[in-house]
Amino acid sequence: MAAWSWKSNEIAGWLHSLSLEEYVPAFELHAISSGEVLLELKEEHLKEMGVLKIGHRILLLKKLAELAKRKNSVGTLEMTPAGGAIDVPTLYDRLIDEKWRRNLTYFPKRIFILRHGESEGNVDQRIYARVPDSKLQLTDKGVRQAKDAGKKIKDIIGNESITCYVSPFMRSKQTFEAAKESFLPTQVTWTEEPRIREQEWGNYQDPDTMDEVMQQRRELGSFYFRFQTGESGADVFDRVSSFLETLHRDMKKGHCKENILLVSHGLTCRLFLMRYYHWEVDYFHKLWNFRNAEFALMVLKPEGGYKLVTDLRKD
């Protein structure tokens, strides 16, 4: 199929063939759904769509120029060694499509994004003044919540394999340990992933000033507000972006199983979805945190990319 007659599926396949599948949602969001529109893209359009890395824009513009060139030479025929004639642009498009479909088989069927169960900090805010955030543990209720989440995920995936990326914070690791009780030992592989840890609030918290700090956070927005010796939401967004690149590489190399589970934290879960789906900051600010041990589910689409099938709570 020639590029100018492509539809959404073929455009998604083309992005996968370039190892730029992370931009499939952005292309869909901005209605780049036909070859005619695709071939009109310029650098300023790519910037507006959220293609921020210069190297990615250069690659896309180069490949778009190649597609446009083949459009102008569609009638060109070459002789095969056997003496037959072949339409070179059509052959190229078929090869791209086959490469995309072959790559797609390495991508997990589902991605689960799980917030930790109820922790000591969820029931006693003053504990942050004497216990490091990273060492807060689950309550008994939090352990039960995590076990219930594991059963729900097991019901969805059956005996399929699952690769888990777990925040190094104690409450996340305990959530993972409780959830995995529902799985067979041979089903699960896991790794600790520091980039999906909780937002750093800055060592110990002073309970006498936290009301004022949280009021400032609400006024500025959780994406922009930076804790005095900690991080802003934007900082977390940056490290989640780095993790997402690693995740894509792991998928392409076949390192991931049939399913992926991220065990993380409220803000980080929302920022992961924001980064993957290229949501705007204003939309992010409307989203509510997941409840304790609540998860979102992303499902692989036939044309590539993941569809969010969970309804998120928002203003």
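Glu294 is partly exposed at 25% relative accessibility, a class that lies between buried (under 20% relative accessible area) and exposed (over 50%), using a 1.4 Å probe and protein chains only. Glu294 forms a salt bridge with Arg291, with the closest N and O atoms 3.5 Å apart; the term requires a side-chain nitrogen of Lys or Arg within 4 Å of a carboxyl oxygen of Asp or Glu. Arg291 is also partly exposed, at a relative accessible area of 46%.

The search of the whole structure gives 21 salt bridges. One of them joins the side chains of Asp235 and Arg226 at 2.4 Å, N to O. Asp235 has a relative accessible area of 21% and is partly exposed; Arg226 is partly exposed at 46%. Another joins the side chains of Glu231 and Arg239 at 2.7 Å, N to O, and here both residues are buried. A network of salt bridges links Lys109, Arg110, Glu160 and Glu258.

## Basis of the model

The model is predicted: local features need pLDDT of at least 70 and side-chain atom pairs count only at pLDDT 80 or more, while totals for chains, interfaces and linings use all residues. Residues are numbered from 1 along each chain as its sequence is written, and side-chain values use heavy atoms, with hydrogens and water left out.

## Surroundings of Arg110

Arg110, a member of the network with Lys109, Glu160 and Glu258, is buried at 16% relative accessibility. The side chain of Arg110 makes a polar contact of 2.7 Å with that of Glu160 and another of 2.7 Å with that of Asn259. A polar contact is a pair of N or O atoms within 3.5 Å; within protein, one must be able to donate a hydrogen and the other to accept it, and residues adjacent in sequence count only if both atoms are side-chain atoms.

Leaving aside residues up to four places away in sequence, Arg110 touches Ile156, Ile157, Glu160, Glu258, Asn259, Ile260, Leu297, Met298 and Tyr306. Contact here means heavy atoms within 4.5 Å.

Arg110 belongs to strand β3, residues 110-115. Helices (H or I, at least four residues) and strands (E, at least two) are DSSP runs, numbered from the N terminus. An open sheet with mixed pairing is formed by 6 strands, in the order β5-β4-β6-β3-β7-β8. Its edge strands are β5 (188-192) and β8 (306-308), each of which pairs on one side only. From one strand to the next, the twist averages 20 degrees.

Strands β3 and β6 (residues 259-264) run parallel and are joined by 6 bridges; two strands pair if DSSP finds at least two bridges between them. Asn259 in β6 stands opposite Arg110. Helix α12 (residues 266-277) lies across β3, β6, β7 (295-300) and β8, and runs at about 150 degrees to β3. Axes are lines fitted to C-alpha atoms, for helices over the stretch in contact, and angles run from 0 to 180 degrees between N-to-C directions.

## Cysteines

How many disulfides does the structure hold? The structure holds 0, the criterion being a pair of cysteine sulfur atoms within 2.5 Å. Cys256 is buried at 7% relative accessibility, and Cys269 is buried with a relative accessible area of 1%.
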